[in-house]
Amino acid sequence: MSLNRKIVVIATGGTIAGAAASPTDHTAYVAGQLDISQLAAAVPGLTQAAGALQLEQLAQLDSKDMDAATLACLAQRVAELLDDDAVQGVVITHGTDTLEETAYFLHALLAPAKPVVLTCAMRPATALSADGPQNLLDAVTVARHPGAKGVLAVCAGAVHGPLDVYKAHPYRLDAFSSGDAGPLAWVEAGGLRVLRPWPEGQGQRQVLASLCRPWPKVAIVTSHAEATAWMVPALVAAGAQGLVVAATGNGTVHTSLEKALLQAQQAGLQVRRASRCAQGLVVEGASDALPLFAAYPGLSPVKARLALVLELMGLASVALG
Ligand code: SIN
C-alpha cells in the first residue's frame with residue numbers, strides 16, 4: 001500500500017461554489033458556479049500540501065435540487081474510491097440545504113471504513129469573507145487524520161456525524177448542529193480534537209447497481225394544527241409507496257391524519273413516524289401503548305424518508321423502533 005495515499009475531492013455545487021454580483025452580497029447569489037479547480041485554488045497551499053489531491057466535478061447544482069440520479073452517481077463513485085487502496089479519504093463539496101440528507105444516505109448505504117467528509121459554505125465564493133476555503137481545508141484535514149472514518153460533515157470548525165447532523169440556521173456561518181449529541185470533533189489550528197468515536201455502520205456496497213432503477217415514491221406528511229386526512233389518499237393515488245409522518249412532539253399525530261394513515265397502512269402502504277422536534281429522541285415509557293407507526297429511532301423526517309426509500313429498495317435495513 002502506498003504511504004502517500006491521495007484524498008479525492010468531489011464537487012457537487014452549492015453555495016461553496018456560488019457567485020454573486022457583489023462581494024458584500026450573501027443572499028442574491030447563484031449556487032454551483034465555480035468548478036472544483038477554482039475552489040481548490042482559493043485555498044493557499046492546498047494542492048501543494050503533503051499528500052496528493054485528486055479533484056473531480058460530479059455535479060453542479062443547488063442542493064435544494066438534489067435528485068436520485070445524482071445521489072446514485074455520488075454513492076457509486078464514492079464506493080469505487082473506497083475500494084481503491086491508493087485513496088486515503090474522500091471530501092465532497094455540497095450545498096448546505098440538503099447536506100444532512102446526503103450524509104445520511106451515504107452512511108446508510110456505504111458505512112465507510114475510510115473518511116468521507118462533506119463540506120460546504122454559507123457564503124458564496126465571491127464574498128468578502130467567504131467561509132468555503134477554510135471549510136474545504138478543514139475537510140481535507142479531517143480526511144487526512146489518522147484513524148478518521150465514516151461519513152462526516154465539516155462546517156465552521158465542527159465535525160458532525162451523519163445521524164445527528166442537521167442544518168439549524170438559515171444564515172449563520174455555523175449553520176449546523178448535532179443537537180443533544182454535540183459534534184464528534186473540532187478542527188483547531190490545523191489539528192483535530194476528537195470528542196466521540198467515529199460513526200459505525202453496515203454498508204451493502206455490492207448492491208449499488210440497484211440504485212439505477214426508479215426509486216420508490218416516499219413522501220413526508222406533517223402533522224400540525226388542523227391537519228386533515230385528505231392528503232393521504234391523494235398521495236396514495238399519485239403512487240406513493242411509503243409515507244413518513246413528521247409527528248408532533250413525542251411522536252403524536254393529529255387524530256384525523258392518524259386515521260387516514262392507519263387506513264393506508266392497513267391497505268399495505270409503509271408508514272413511518274419521526275418527530276418534528278429538531279433535537280432529542282421520541283421517548284417511550286414501559287407503560288405506553290404500542291405505537292401505531294414504526295419509527296427509525298433518532299432519525300429526522302428527511303432522513304427517515306431516505307431510510308424508507310432504501311428499505312423499500314432492499315438496499316439498507318435500518319433498525320425500527
Ligand atoms: C445549496 O444548498 O446548494 C445552496 C445553499 C447553500 O449551499 O448554503
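How much area is buried between domain 1 and domain 2, and what share of it do carbon and sulfur atoms give?

**Entry 1. Basis.** I worked from a predicted model, in which local features need pLDDT of at least 70 and side-chain atom pairs count only at pLDDT 80 or more, while totals for chains, interfaces and linings use all residues. Residues are numbered from 1 along each chain as its sequence is written, and side-chain values use heavy atoms, with hydrogens and water left out.

**Entry 2. Domains.** I looked up the division of the protein chain and found domain 1 (6-194) and domain 2 (214-319), with bounds from an automatic or database domain assignment. Their centres, taken over C-alpha atoms, are 30 Å apart. To the contact (heavy atoms within 4.5 Å), domain 1 contributes 16 residues and domain 2 contributes 13 residues.

**Entry 3. Buried area.** I read about 1,300 Å² buried between domain 1 and domain 2, with 67% given by carbon and sulfur atoms. Buried area is the accessible area (1.4 Å probe) that two parts lose on being put together, summed over both. On the domain 1 side, E101, Y104 and F105 lose the most area to domain 2, and together they account for 40% of what that side buries.

**Entry 4. Pairs across the interface.** I searched for salt bridges between the two domains and the count was 0; the criterion is a side-chain nitrogen of Lys or Arg within 4 Å of a carboxyl oxygen of Asp or Glu. I then counted 4 residue pairs in polar contact between domain 1 and domain 2, both residues at pLDDT 80 or more. A polar contact is a pair of N or O atoms within 3.5 Å; within protein, one must be able to donate a hydrogen and the other to accept it, and residues adjacent in sequence count only if both atoms are side-chain atoms.

**Entry 5. Ligand.** I listed the residues around the ligand (a heavy atom within 4 Å); among them are T15, D62 and D97. A side-chain N or O atom of T15 is 2.9 Å from a ligand oxygen atom. For D62, a polar side-chain atom lies 3.2 Å from an oxygen atom of the ligand. D97 instead places a backbone N or O atom 3.0 Å from a ligand oxygen atom.

**Entry 6. Salt bridges overall.** I searched the whole structure and found 10 salt bridges. I noted a salt bridge between the side chains of R196 and D164, at 3.7 Å from N to O.
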